[in-house]
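Here are my notes for a first look at this model. Keep the structure open beside you and go through the points in order.

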Amino acid sequence: MSKVSSNHPQKAPAAIAPNRVSRPGWLEIVVGLVVYLIVGFGGVRLFAQFGLDPVVYGLILTAWTGVATLIAFAVAARLRIRSLSAFGVRRTSGRWLLIGIGVGLIAFVLKSLAILAWVQITGDTNNVQDVYGDGARGGLLSLVLSTVFIAVFSPLGEELLYRGIVTNALLRYGPFVGVVGSTVIFALMHGINNIFPAAVVAGLATAEVFRRSGSIWPGLVVHFVFNLPSFLLMVLFSSTG
């Protein structure tokens, strides 16, 4: 049987091009932060106009950081990348979780010292997070809800947005830019107040743990240990004052 010649040779099937975006970049950073500013600060301004009961208002604001950061992360993460592992949502080891506990305890002590230094330098003793304590003073249920919001829900959203996107994207420029740069952004988003030094300590601790572990979960543990004692102490002292 003779071969049939052809002037148009068949082309090999084109390989499916892989997703060239393997980690977040400036697009995800900008979109994530803009969405957070709109949802987060816009929501706070809106709720303030309703004249809500202090307990209800405090609970809403305690939860709203988590809501706003999760929305911001969801929008930014859907822009170009579909794999959550690209944002550090991947398994980690028990060793790293234990390291997260230890780093969280150290960061809690350093945060207390940093706030004391800030107060001595600036004279600013106004705690802008007192409203969170209001949300915890409505009984056992409000205390439990406030604790979950401040120690778990908000840290989860912040770790996804600030470490999974911001730190992750900036690490392409090296460890210093990734850790310090994302910490500055994280702290500034908390405002220039007596929470700023605490946010600097938290940002440095969680960003470095993220850089070394490659997962958001150890940083979430750091954030949990960092937030929980502070919140419980704030509720205790405000209720006995």
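1. Start with the overall build: the protein chain has 8 helices and 0 strands, where helices (H or I, at least four residues) and strands (E, at least two) are DSSP runs numbered from the N terminus. Read from the N terminus, the elements go α-α-α-α-α-α-α-α. Keep in mind that this is a predicted model, in which local features need pLDDT of at least 70, side-chain atom pairs count only at pLDDT 80 or more, and totals for chains, interfaces and linings use all residues. Residues are numbered from 1 along each chain as its sequence is written, and side-chain values use heavy atoms, with hydrogens and water left out.

2. Of the 241 residues in the protein chain, 43% are buried; that means under 20% relative accessible area, with exposed being over 50% and partly exposed in between (1.4 Å probe, protein chains only). Contact, here and below, means heavy atoms within 4.5 Å. Among contacts in the chain between residues at least 6 apart in sequence, 80% join residues at least 24 apart.

3. Now the rings. The structure holds 7 aromatic pairs; rings of Phe, Tyr and Trp (its six-membered ring) pair if their centres lie within 6.5 Å, and planes under 30 degrees apart count as stacked, over 60 as edge-to-face and the rest as tilted. One of the pairs is phenylalanine 73 with phenylalanine 87, edge-to-face at 5.3 Å centre to centre and 80° between the planes. This pair links distant parts of the chain, 14 residues apart: phenylalanine 73 is in helix H2 (residues 54-77), and phenylalanine 87 is in the loop between H2 and helix H3 (94-122). Phenylalanine 73 counts as buried because its relative accessibility is 8%, and phenylalanine 87 does so at 1%.

4. Another pair to look at is tyrosine 162 with phenylalanine 186, edge-to-face with 5.0 Å centre to centre and 70° between the planes. Tyrosine 162 is in helix H5 (residues 140-170) and phenylalanine 186 in helix H6 (residues 175-188), so the pair ties together parts 24 residues apart in sequence. Both tyrosine 162 and phenylalanine 186 are buried.

5. Which residues place a charge over a ring? The charged end of arginine 95 sits over the ring of tryptophan 96, 5.7 Å from its centre, and lysine 111 lies over the face of phenylalanine 226, at 4.8 Å from the ring centre. The rule here is NZ of Lys or CZ of Arg within 6 Å of the ring centre and within 35 degrees of the ring normal.

6. On to helix packing. The axes of H6 and helix H7 (residues 196-213) come within 8 Å and cross at roughly 145°; axes are lines fitted to C-alpha atoms, for helices over the stretch in contact, and angles run from 0 to 180 degrees between N-to-C directions. The crossing of H6 and H7 is right-handed (left-handed if the near helix is turned anticlockwise from the far one by less than a right angle, right-handed if clockwise). Residues making the contact include Val179, Thr183 and Phe186 of H6 and Val200, Gly203 and Leu204 of H7.

7. Threonine 183 in H6 is worth a click. Threonine 183 is buried, with a relative accessible area of 4%. Its side chain reaches the backbone oxygen of glycine 203 at 3.3 Å; a polar contact is a pair of N or O atoms within 3.5 Å, and within protein one must be able to donate a hydrogen and the other to accept it, while residues adjacent in sequence count only if both atoms are side-chain atoms. Leaving aside neighbours within four places in sequence, threonine 183 is in contact with Val200, Gly203, Leu204 and Ala207.

8. H7 also packs against H5, at an angle of about 65° with the axes 10 Å apart, and that crossing is right-handed. On the H5 side, Glu159, Arg163, Gly164, Thr167 and Asn168 meet Gly203, Thr206, Ala207 and Phe210 in H7. Glutamate 159 is buried, at a relative accessible area of 1%, and its side chain makes a polar contact with the side chain of arginine 163 (2.7 Å).
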